[in-house]
Amino acid sequence: MHNILVTGSNGQLGSELRTLIHNELQGKVETLLPKINGTEVLTLADMHYYFTDRDSLDITDVKAIKNFIETNNIDIIINTAAYTAVDKAEEDKENADRVNHLAVQYLAEIAKEKSIKLVHISTDYVFDGKNYKPYNEDDATNPNGVYGMTKLLGEKAMQAVNPKNSIIIRTSWVYSSYGANFVKTMLRLGKERDALGVIFDQVGTPTYARDLAKAILDIVPKIESKNVEIYHYSNEGVLSWYDFAKEIMRMAKIECAINPIETKEYPTPATRPHYSLLNKAKIKKDFSITIPYWKDSLDKCLKVLGERR
């Protein structure tokens, strides 16, 4: 029996992980356990999943993490918790650093001490977006803002501690039926307005959080490494935010004109990477996974939201 801690379980990725487990448990109510100190515990096959959020487990508190892990005999951690308010982070550096950097260091130290497998989620924002070809895992990092810098510091801290059988997965443009994200914002604004200006000079690939969640569950049993390995994951394909918005409106049959605008026409406190396409060859090769095309995944998400027309 493995005991798996999932942090950040109310976020997009954490919520999708919980949903996948719940879906597998349909008709198996006896495997649902009551919440333990606010923590939802689900059992599937030989896995106990402990879903925690900031209220049930503060991952910036070393003693709290250690106590939780020892009490529940955790042997796998999936860290989806993050400070993701990119613009707010520019003024809230301390809290962004605590969650994205220091908490990762604490998790890595405990993982190493207890021989725990650790999966940590990072971001394309560790790059400056000035590339001209898809980013490989070993390409030079150079974040543009506080969010990207704190996520990179978290990566470096984890690599320095170097717990065995642990990986970092960088992802990009995450969306889901849960939480706040670009897809849900476009759906809302598209119904409220006749026209929207959307940036066309930032290029990358969206990631449907449910696809990433499934990949993580498939990968976890196969992780075996002496050093912390970095992988890239997003859906397949390449597009701009403008292209993404156009397809959302088309699939949802929303009558809203989408007009292309340049980044400079929509200034934000934090600079976004202009190019954040991630090369997924390594994760596909090492774990034999197939990654869905972005349009297929958008179609699935819109159906979950009841917005596919």
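Strand β2 (40-44) is joined by five bridges to β3 (residues 47-51), and the two run antiparallel; strands count as paired if DSSP finds at least two bridges between them. Within this pair, valine 41 stands opposite tyrosine 50 of β3. The model is a predicted one, in which local features need pLDDT of at least 70 and side-chain atom pairs count only at pLDDT 80 or more, while totals for chains, interfaces and linings use all residues. Residues are numbered from 1 along each chain as its sequence is written, and side-chain values use heavy atoms, with hydrogens and water left out.

Both strands belong to an open sheet of seven strands with mixed pairing, in the order β2-β3-β1-β4-β5-β6-β11. Its edge strands, each pairing on one side only, are β2 and β11 (229-232). From one strand to the next, the twist averages 20°. Helices (H or I, at least four residues) and strands (E, at least two) are DSSP runs numbered from the N terminus.

Helix α6 (residues 209-219) packs on this sheet and touches β3, β4 (76-79), β5 (117-123) and β6 (167-171). The direction of α6 makes about 165° with that of β6; axes are lines fitted to C-alpha atoms, for helices over the stretch in contact, and angles run from 0 to 180 degrees between N-to-C directions.

Helix α1 (residues 12-24) also packs with α6, at an angle of about 65° and with the axes 8 Å apart.

On a 1 Å grid over the protein atoms alone, a cavity is a set of points where a 1.4 Å probe fits but cannot get out, and a pocket is an open set with protein on both sides within 12 Å along at least five of seven lines; lining residues have an atom within 4 Å of a point. The structure holds one cavity of 30 Å³ or more, and Glu90, Tyr125 and Asn144 are among the residues lining the largest cavity.

| Space | Volume |
|---|---|
| Second largest pocket | about 240 Å³ |
| Largest cavity | about 50 Å³ |

Each volume is the space filled by probe spheres set on the points, which are joined across faces, edges and corners.

Notes: Contact means heavy atoms within 4.5 Å.
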